[in-house]
Amino acid sequence: MSSTAPSADLPVVDVPALRAQVPALAEGLAFFDGPGGTQVPAPVAAAVAAMLGSAVSNRKGPHHASRRAEEAVDEARRAVADLVGGVPEGVVLGPSMTHLTYVVAGALGRTWGEGDEVVLTRLDHDANVRPWVQAAARAGASVRWVDVDPATGELVDPLAAVTDRTRLLAVTGASNALGTRPDVAALTAAADAVGATSYVDGVHLTPHAPVDVAELGCDLYALSTYKLMGPHAAAVVADPVLLEGLRPDKLLPAPDEVPARFEHGTPPFELLPGVTAAVDLLADLVPGPGGTRRERLLRSASALERSEAAVFARLLDGLGALDGVTVVGAPARRTPTVSFRVAGASPRDTSRWLGSRGVAVSDGDYYARELVEVLGLRATGGMVRAGVAPYTDAGDVDRLLAAVAEVADGARV
(Lines give C-alpha, C1' and ligand atoms only; values in the text may rest on other atoms or scores of the structure.)
Protein backbone atom coordinates (compact mmCIF):
# COMPACT_ATOMS: atom_id res chain seq x y z
CA MET A 1 0.00 0.00 0.00
CA SER A 2 1.45 3.35 -0.98
CA SER A 3 1.16 6.36 1.29
CA THR A 4 -0.88 8.50 -1.05
CA ALA A 5 -3.16 11.21 0.33
CA PRO A 6 -6.91 11.23 -0.36
CA SER A 7 -8.14 13.31 -3.29
CA ALA A 8 -8.43 16.96 -2.32
CA ASP A 9 -11.97 17.22 -3.71
CA LEU A 10 -13.34 14.51 -1.42
CA PRO A 11 -14.14 15.24 2.23
CA VAL A 12 -12.06 13.65 4.96
CA VAL A 13 -12.45 13.66 8.71
CA ASP A 14 -11.03 16.57 10.70
CA VAL A 15 -8.96 14.34 12.95
CA PRO A 16 -7.60 17.13 15.23
CA ALA A 17 -11.16 18.29 15.89
CA LEU A 18 -12.24 14.74 16.69
CA ARG A 19 -9.25 14.17 18.94
CA ALA A 20 -10.22 17.26 20.93
CA GLN A 21 -13.49 15.51 21.79
CA VAL A 22 -11.84 12.35 23.18
CA PRO A 23 -10.81 12.94 26.83
CA ALA A 24 -8.80 9.71 27.08
CA LEU A 25 -6.24 11.05 24.61
CA ALA A 26 -5.15 13.58 27.24
CA GLU A 27 -3.56 10.71 29.16
CA GLY A 28 -0.86 10.52 26.50
CA LEU A 29 -1.27 7.08 24.98
CA ALA A 30 -1.24 6.42 21.26
CA PHE A 31 -4.14 3.99 20.91
CA PHE A 32 -3.83 1.21 18.34
CA ASP A 33 -6.02 -1.25 20.25
CA GLY A 34 -9.25 -0.01 18.71
CA PRO A 35 -10.10 -3.44 17.23
CA GLY A 36 -10.52 -4.50 20.85
CA GLY A 37 -12.40 -1.37 21.90
CA THR A 38 -12.23 2.34 21.10
CA GLN A 39 -11.97 5.41 23.30
CA VAL A 40 -15.15 7.38 23.96
CA PRO A 41 -15.76 11.00 22.85
CA ALA A 42 -17.12 13.45 25.43
CA PRO A 43 -20.61 13.73 23.86
CA VAL A 44 -21.07 9.98 24.16
CA ALA A 45 -19.95 9.94 27.79
CA ALA A 46 -22.20 12.94 28.49
CA ALA A 47 -25.22 11.12 27.07
CA VAL A 48 -24.58 8.16 29.39
CA ALA A 49 -24.02 10.45 32.38
CA ALA A 50 -27.21 12.39 31.65
CA MET A 51 -29.23 9.19 31.65
CA LEU A 52 -27.63 8.07 34.89
CA GLY A 53 -28.53 11.42 36.43
CA SER A 54 -32.17 11.26 35.29
CA ALA A 55 -35.23 9.53 36.66
CA VAL A 56 -35.34 6.13 34.96
CA SER A 57 -37.53 3.14 35.75
CA ASN A 58 -38.16 -0.09 33.97
CA ARG A 59 -40.38 -0.05 30.89
CA LYS A 60 -44.17 -0.44 30.73
CA GLY A 61 -44.81 1.78 33.74
CA PRO A 62 -47.47 4.58 33.70
CA HIS A 63 -45.07 7.47 34.39
CA HIS A 64 -42.39 9.55 32.70
CA ALA A 65 -39.43 7.71 34.25
CA SER A 66 -40.61 4.52 32.57
CA ARG A 67 -41.32 6.29 29.30
CA ARG A 68 -37.76 7.65 29.35
CA ALA A 69 -36.43 4.08 29.42
CA GLU A 70 -38.73 3.07 26.57
CA GLU A 71 -37.62 6.06 24.51
CA ALA A 72 -33.95 5.22 25.08
CA VAL A 73 -34.52 1.72 23.70
CA ASP A 74 -36.50 2.98 20.72
CA GLU A 75 -33.96 5.68 19.88
CA ALA A 76 -31.07 3.21 20.05
CA ARG A 77 -32.91 0.86 17.68
CA ARG A 78 -33.46 3.72 15.22
CA ALA A 79 -29.83 4.79 15.44
CA VAL A 80 -28.45 1.30 14.77
CA ALA A 81 -30.91 0.82 11.91
CA ASP A 82 -29.69 4.06 10.33
CA LEU A 83 -26.08 3.01 10.83
CA VAL A 84 -26.35 -0.13 8.71
CA GLY A 85 -29.47 0.40 6.61
CA GLY A 86 -31.86 -1.80 8.57
CA VAL A 87 -35.24 -1.12 10.17
CA PRO A 88 -35.73 -0.42 13.90
CA GLU A 89 -38.18 -3.32 14.24
CA GLY A 90 -35.37 -5.68 13.27
CA VAL A 91 -32.72 -4.37 15.69
CA VAL A 92 -31.97 -6.68 18.61
CA LEU A 93 -29.98 -4.97 21.36
CA GLY A 94 -27.71 -6.76 23.82
CA PRO A 95 -24.59 -6.62 25.96
CA SER A 96 -22.18 -8.11 23.41
CA MET A 97 -22.00 -9.61 19.95
CA THR A 98 -20.96 -12.91 21.56
CA HIS A 99 -24.07 -12.98 23.73
CA LEU A 100 -26.41 -12.16 20.87
CA THR A 101 -24.80 -14.70 18.56
CA TYR A 102 -25.34 -17.42 21.14
CA VAL A 103 -29.01 -16.41 21.40
CA VAL A 104 -29.48 -16.52 17.62
CA ALA A 105 -27.47 -19.75 17.27
CA GLY A 106 -29.63 -21.42 19.88
CA ALA A 107 -32.78 -20.46 18.01
CA LEU A 108 -31.52 -21.32 14.54
CA GLY A 109 -29.95 -24.58 15.68
CA ARG A 110 -33.36 -25.92 16.63
CA THR A 111 -34.25 -25.92 12.94
CA TRP A 112 -31.27 -28.11 11.93
CA GLY A 113 -30.88 -31.86 11.90
CA GLU A 114 -28.82 -34.79 10.68
CA GLY A 115 -27.38 -34.17 7.23
CA ASP A 116 -27.52 -30.38 7.50
CA GLU A 117 -24.32 -28.38 7.18
CA VAL A 118 -23.01 -25.16 8.68
CA VAL A 119 -20.34 -23.23 6.76
CA LEU A 120 -17.77 -21.37 8.87
CA THR A 121 -14.44 -19.72 8.09
CA ARG A 122 -11.08 -19.93 9.78
CA LEU A 123 -10.74 -16.17 9.36
CA ASP A 124 -13.46 -15.36 11.88
CA HIS A 125 -13.41 -14.23 15.48
CA ASP A 126 -14.40 -17.13 17.71
CA ALA A 127 -17.69 -15.39 18.53
CA ASN A 128 -18.76 -16.19 14.97
CA VAL A 129 -17.41 -19.73 15.20
CA ARG A 130 -17.98 -21.43 18.55
CA PRO A 131 -21.71 -20.65 18.98
CA TRP A 132 -22.36 -22.24 15.58
CA VAL A 133 -20.06 -25.23 16.19
CA GLN A 134 -21.85 -25.94 19.45
CA ALA A 135 -25.33 -25.45 17.97
CA ALA A 136 -24.45 -27.77 15.08
CA ALA A 137 -23.20 -30.44 17.49
CA ARG A 138 -26.47 -30.29 19.46
CA ALA A 139 -28.48 -30.63 16.26
CA GLY A 140 -26.37 -33.39 14.74
CA ALA A 141 -25.39 -31.12 11.84
CA SER A 142 -21.87 -31.02 10.43
CA VAL A 143 -19.46 -28.12 9.92
CA ARG A 144 -17.73 -27.29 6.64
CA TRP A 145 -14.71 -25.05 7.00
CA VAL A 146 -13.46 -22.38 4.61
CA ASP A 147 -9.68 -22.19 4.92
CA VAL A 148 -7.36 -19.19 4.81
CA ASP A 149 -4.29 -18.69 2.64
CA PRO A 150 -1.52 -17.98 5.19
CA ALA A 151 0.41 -15.87 2.69
CA THR A 152 -2.39 -13.45 1.85
CA GLY A 153 -4.85 -13.79 4.70
CA GLU A 154 -7.64 -14.33 2.15
CA LEU A 155 -10.32 -17.04 2.18
CA VAL A 156 -9.58 -20.00 -0.09
CA ASP A 157 -12.38 -20.83 -2.58
CA PRO A 158 -15.17 -19.99 -0.12
CA LEU A 159 -18.05 -20.46 -2.57
CA ALA A 160 -17.17 -24.13 -2.95
CA ALA A 161 -18.15 -24.74 0.67
CA VAL A 162 -21.78 -23.79 0.06
CA THR A 163 -23.89 -26.76 -1.09
CA ASP A 164 -27.54 -27.71 -1.19
CA ARG A 165 -27.08 -29.09 2.34
CA THR A 166 -25.97 -25.74 3.75
CA ARG A 167 -28.35 -24.35 6.36
CA LEU A 168 -26.16 -21.54 7.68
CA LEU A 169 -23.25 -19.49 6.37
CA ALA A 170 -21.39 -17.44 8.99
CA VAL A 171 -18.69 -15.07 7.77
CA THR A 172 -16.90 -11.98 8.97
CA GLY A 173 -17.32 -8.65 7.25
CA ALA A 174 -13.68 -7.94 8.11
CA SER A 175 -11.08 -9.90 10.04
CA ASN A 176 -10.36 -8.41 13.44
CA ALA A 177 -6.80 -9.77 13.16
CA LEU A 178 -5.67 -8.98 9.61
CA GLY A 179 -8.35 -6.60 8.37
CA THR A 180 -9.22 -8.92 5.46
CA ARG A 181 -12.57 -8.05 3.86
CA PRO A 182 -14.09 -11.10 2.15
CA ASP A 183 -16.57 -10.74 -0.71
CA VAL A 184 -19.54 -10.98 1.62
CA ALA A 185 -22.16 -10.23 -1.04
CA ALA A 186 -20.98 -13.13 -3.21
CA LEU A 187 -21.07 -15.50 -0.25
CA THR A 188 -24.51 -14.45 0.95
CA ALA A 189 -25.84 -14.73 -2.60
CA ALA A 190 -24.55 -18.31 -2.74
CA ALA A 191 -26.20 -19.05 0.59
CA ASP A 192 -29.48 -17.51 -0.52
CA ALA A 193 -29.45 -19.58 -3.71
CA VAL A 194 -29.60 -22.79 -1.66
CA GLY A 195 -32.05 -21.45 0.94
CA ALA A 196 -29.45 -21.04 3.69
CA THR A 197 -29.38 -18.32 6.33
CA SER A 198 -26.40 -15.94 6.33
CA TYR A 199 -24.96 -14.36 9.46
CA VAL A 200 -22.34 -11.64 9.09
CA ASP A 201 -20.05 -10.53 11.90
CA GLY A 202 -19.80 -6.81 11.20
CA VAL A 203 -18.06 -5.89 14.45
CA HIS A 204 -14.79 -4.97 12.74
CA LEU A 205 -16.28 -3.73 9.47
CA THR A 206 -18.86 -1.26 10.78
CA PRO A 207 -16.40 1.22 12.35
CA HIS A 208 -14.37 1.56 9.15
CA ALA A 209 -16.66 1.57 6.11
CA PRO A 210 -20.16 2.41 4.91
CA VAL A 211 -22.46 -0.55 5.57
CA ASP A 212 -25.71 -1.43 3.83
CA VAL A 213 -27.16 -4.75 4.93
CA ALA A 214 -29.27 -4.94 1.76
CA GLU A 215 -26.19 -4.61 -0.44
CA LEU A 216 -24.38 -7.21 1.63
CA GLY A 217 -27.36 -9.50 1.17
CA CYS A 218 -27.10 -10.96 4.66
CA ASP A 219 -30.00 -12.23 6.74
CA LEU A 220 -28.49 -11.20 10.07
CA TYR A 221 -25.77 -8.63 10.73
CA ALA A 222 -24.02 -8.23 14.09
CA LEU A 223 -22.07 -5.25 15.45
CA SER A 224 -20.61 -3.88 18.67
CA THR A 225 -20.94 -0.19 19.49
CA TYR A 226 -17.83 -0.06 21.69
CA LYS A 227 -15.76 -0.64 18.55
CA LEU A 228 -17.12 2.59 17.05
CA MET A 229 -16.53 5.03 19.94
CA GLY A 230 -19.70 4.04 21.79
CA PRO A 231 -20.45 2.26 25.07
CA HIS A 232 -20.25 -1.48 25.65
CA ALA A 233 -23.33 -2.69 23.80
CA ALA A 234 -24.14 -4.69 20.68
CA ALA A 235 -26.86 -5.35 18.15
CA VAL A 236 -28.02 -7.88 15.62
CA VAL A 237 -29.94 -6.45 12.67
CA ALA A 238 -32.34 -8.57 10.63
CA ASP A 239 -35.59 -8.53 8.73
CA PRO A 240 -38.34 -8.63 11.38
CA VAL A 241 -40.07 -11.37 9.36
CA LEU A 242 -37.03 -13.62 9.81
CA LEU A 243 -36.97 -12.91 13.54
CA GLU A 244 -40.68 -13.76 13.82
CA GLY A 245 -39.86 -17.27 12.67
CA LEU A 246 -37.29 -17.92 15.40
CA ARG A 247 -38.06 -18.95 18.99
CA PRO A 248 -35.12 -18.29 21.34
CA ASP A 249 -35.13 -19.44 24.94
CA LYS A 250 -36.58 -16.77 27.17
CA LEU A 251 -38.32 -16.24 30.50
CA LEU A 252 -42.05 -16.96 30.45
CA PRO A 253 -43.20 -13.44 31.42
CA ALA A 254 -40.63 -11.74 29.15
CA PRO A 255 -41.91 -10.00 25.99
CA ASP A 256 -42.70 -12.30 23.10
CA GLU A 257 -42.78 -9.69 20.35
CA VAL A 258 -39.91 -9.10 17.94
CA PRO A 259 -37.21 -7.94 18.52
CA ALA A 260 -37.64 -7.94 22.33
CA ARG A 261 -37.98 -11.72 22.56
CA PHE A 262 -34.25 -12.01 21.80
CA GLU A 263 -33.21 -9.55 24.54
CA HIS A 264 -32.61 -11.34 27.83
CA GLY A 265 -33.16 -9.37 31.01
CA THR A 266 -33.51 -5.65 31.63
CA PRO A 267 -31.66 -3.54 29.06
CA PRO A 268 -28.78 -1.29 30.20
CA PHE A 269 -30.89 1.86 29.89
CA GLU A 270 -28.04 4.14 30.90
CA LEU A 271 -25.85 2.94 28.01
CA LEU A 272 -28.41 3.20 25.23
CA PRO A 273 -28.32 7.02 24.93
CA GLY A 274 -24.58 6.56 24.46
CA VAL A 275 -25.28 4.23 21.53
CA THR A 276 -27.46 6.89 19.93
CA ALA A 277 -24.91 9.63 20.67
CA ALA A 278 -22.10 7.60 19.08
CA VAL A 279 -24.12 7.10 15.90
CA ASP A 280 -25.02 10.80 15.83
CA LEU A 281 -21.37 11.74 16.25
CA LEU A 282 -20.38 9.45 13.38
CA ALA A 283 -23.11 10.98 11.21
CA ASP A 284 -21.65 14.44 11.68
CA LEU A 285 -17.94 13.70 11.26
CA VAL A 286 -17.81 15.74 8.07
CA PRO A 287 -19.75 18.84 6.98
CA GLY A 288 -22.27 18.39 4.23
CA PRO A 289 -25.56 19.47 2.76
CA GLY A 290 -27.62 17.88 5.52
CA GLY A 291 -30.02 15.06 4.77
CA THR A 292 -31.33 12.21 6.85
CA ARG A 293 -29.14 10.62 9.50
CA ARG A 294 -28.71 7.62 7.22
CA GLU A 295 -27.52 9.86 4.38
CA ARG A 296 -25.12 11.70 6.67
CA LEU A 297 -23.78 8.42 8.04
CA LEU A 298 -22.98 7.15 4.56
CA ARG A 299 -21.22 10.41 3.68
CA SER A 300 -19.21 10.42 6.92
CA ALA A 301 -18.35 6.72 6.70
CA SER A 302 -16.92 7.22 3.21
CA ALA A 303 -14.88 10.18 4.43
CA LEU A 304 -13.67 8.21 7.44
CA GLU A 305 -12.64 5.31 5.22
CA ARG A 306 -10.48 7.69 3.15
CA SER A 307 -8.98 9.39 6.21
CA GLU A 308 -8.08 6.11 7.90
CA ALA A 309 -6.63 4.70 4.68
CA ALA A 310 -4.14 7.57 4.50
CA VAL A 311 -3.02 7.04 8.10
CA PHE A 312 -2.91 3.28 7.66
CA ALA A 313 -0.72 3.57 4.55
CA ARG A 314 1.86 5.40 6.67
CA LEU A 315 1.69 2.62 9.25
CA LEU A 316 1.85 -0.26 6.80
CA ASP A 317 4.64 1.27 4.73
CA GLY A 318 6.59 2.06 7.89
CA LEU A 319 6.35 -1.47 9.26
CA GLY A 320 7.36 -2.90 5.90
CA ALA A 321 10.49 -0.76 5.88
CA LEU A 322 11.76 -2.01 9.27
CA ASP A 323 14.35 -4.80 9.28
CA GLY A 324 13.29 -7.76 11.38
CA VAL A 325 9.57 -6.95 11.18
CA THR A 326 7.25 -9.39 9.41
CA VAL A 327 3.78 -8.22 8.46
CA VAL A 328 1.31 -11.12 8.55
CA GLY A 329 -0.88 -11.50 5.48
CA ALA A 330 -1.42 -9.17 2.55
CA PRO A 331 -5.16 -9.01 1.86
CA ALA A 332 -6.18 -7.14 -1.28
CA ARG A 333 -9.07 -5.41 0.49
CA ARG A 334 -8.89 -4.65 4.16
CA THR A 335 -9.80 -2.42 7.04
CA PRO A 336 -6.93 -0.35 8.58
CA THR A 337 -5.67 -3.18 10.76
CA VAL A 338 -2.36 -5.03 10.62
CA SER A 339 -0.75 -7.84 12.58
CA PHE A 340 3.02 -8.33 12.69
CA ARG A 341 5.90 -9.99 14.49
CA VAL A 342 9.38 -8.79 15.36
CA ALA A 343 12.29 -11.20 14.98
CA GLY A 344 13.83 -12.18 18.30
CA ALA A 345 10.94 -10.88 20.40
CA SER A 346 7.72 -12.56 21.46
CA PRO A 347 4.48 -10.72 20.69
CA ARG A 348 3.97 -10.18 24.42
CA ASP A 349 7.45 -8.69 24.84
CA THR A 350 6.83 -6.46 21.84
CA SER A 351 3.51 -5.19 23.11
CA ARG A 352 4.94 -4.69 26.60
CA TRP A 353 7.78 -2.59 25.19
CA LEU A 354 5.36 -0.52 23.12
CA GLY A 355 3.24 -0.01 26.22
CA SER A 356 6.27 1.31 28.07
CA ARG A 357 6.64 3.84 25.26
CA GLY A 358 3.01 4.97 25.54
CA VAL A 359 1.71 2.94 22.59
CA ALA A 360 -1.28 0.66 23.15
CA VAL A 361 -1.45 -2.45 20.96
CA SER A 362 -2.81 -5.96 21.39
CA ASP A 363 -0.99 -9.28 21.25
CA GLY A 364 -1.93 -12.95 21.11
CA ASP A 365 -4.76 -14.29 18.97
CA TYR A 366 -7.45 -11.66 19.75
CA TYR A 367 -9.96 -14.54 19.71
CA ALA A 368 -9.13 -15.23 16.05
CA ARG A 369 -8.19 -18.69 17.26
CA GLU A 370 -8.72 -20.64 14.04
CA LEU A 371 -6.68 -18.13 12.05
CA VAL A 372 -3.70 -18.24 14.41
CA GLU A 373 -3.76 -22.04 14.19
CA VAL A 374 -3.69 -21.84 10.37
CA LEU A 375 -0.76 -19.43 10.56
CA GLY A 376 1.13 -21.77 12.90
CA LEU A 377 1.72 -19.01 15.43
CA ARG A 378 -0.12 -20.23 18.52
CA ALA A 379 2.88 -21.91 20.16
CA THR A 380 4.96 -18.74 19.81
CA GLY A 381 2.46 -16.26 21.18
CA GLY A 382 0.42 -15.24 18.17
CA MET A 383 0.94 -11.74 16.73
CA VAL A 384 1.00 -8.06 17.58
CA ARG A 385 -1.97 -6.09 16.25
CA ALA A 386 -2.22 -2.39 15.45
CA GLY A 387 -5.50 -0.89 14.32
CA VAL A 388 -6.19 2.64 13.12
CA ALA A 389 -9.21 4.32 14.74
CA PRO A 390 -10.99 7.53 13.69
CA TYR A 391 -8.84 9.56 16.10
CA THR A 392 -5.47 8.04 15.05
CA ASP A 393 -3.09 10.55 13.51
CA ALA A 394 0.36 10.57 11.88
CA GLY A 395 2.01 11.39 15.20
CA ASP A 396 0.56 8.23 16.73
CA VAL A 397 1.89 6.19 13.80
CA ASP A 398 5.37 7.66 14.14
CA ARG A 399 5.43 6.83 17.86
CA LEU A 400 4.46 3.23 17.12
CA LEU A 401 7.05 2.86 14.37
CA ALA A 402 9.79 4.30 16.58
CA ALA A 403 8.93 1.88 19.38
CA VAL A 404 8.79 -1.12 17.04
CA ALA A 405 12.18 -0.10 15.63
CA GLU A 406 13.59 -0.18 19.16
CA VAL A 407 12.32 -3.73 19.61
CA ALA A 408 13.78 -4.74 16.27
CA ASP A 409 17.11 -3.22 17.30
CA GLY A 410 17.16 -5.36 20.44
CA ALA A 411 15.90 -2.92 23.06
CA ARG A 412 13.05 -4.63 24.86
CA VAL A 413 11.80 -5.54 28.29
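Rings of Phe, Tyr and Trp (its six-membered ring) pair if their centres lie within 6.5 Å; planes under 30 degrees apart count as stacked, over 60 as edge-to-face and the rest as tilted. This is a predicted model: local features need pLDDT of at least 70, side-chain atom pairs count only at pLDDT 80 or more, and totals for chains, interfaces and linings use all residues. Residues are numbered from 1 along each chain as its sequence is written, and side-chain values use heavy atoms, with hydrogens and water left out.

**Exercise 1.** Find which residues the ring pairs link into a cluster.

Solution. 
- Step 1. Count the aromatic pairs: the structure holds two.
- Step 2. W112 and W132 are tilted, at 6.4 Å centre to centre and 40° between the planes.
- Step 3. W132 lies in helix 5 (residues 130–139) and W112 in the loop between helix 4 (97–109) and strand 3 (117–121), so their pair ties together parts 20 residues apart in sequence.
- Step 4. W132 and Y199 are edge-to-face, at 5.0 Å and 70°.
- Step 5. Y199 sits in strand 6 (residues 197–201), so this pair ties together parts 67 residues apart in sequence.

**Exercise 2.** Classify the angle between helix 11 and helix 13.

Solution. 
- Step 1. The axes of helix 11 (residues 347–356) and helix 13 (residues 394–408) come within 9 Å and cross at roughly 130°.
- Step 2. That makes helix 11 oblique to helix 13 (under 35 degrees is roughly parallel, over 145 roughly antiparallel, 65 to 115 roughly perpendicular, the rest oblique).
- Step 3. T350, W353 and L354 of helix 11 meet L400, A403, V404, E406 and V407 of helix 13 (contact: heavy atoms within 4.5 Å).

Methods. Axes are lines fitted to C-alpha atoms, for helices over the stretch in contact, and angles run from 0 to 180 degrees between N-to-C directions. Helices (H or I, at least four residues) and strands (E, at least two) are DSSP runs, numbered from the N terminus.
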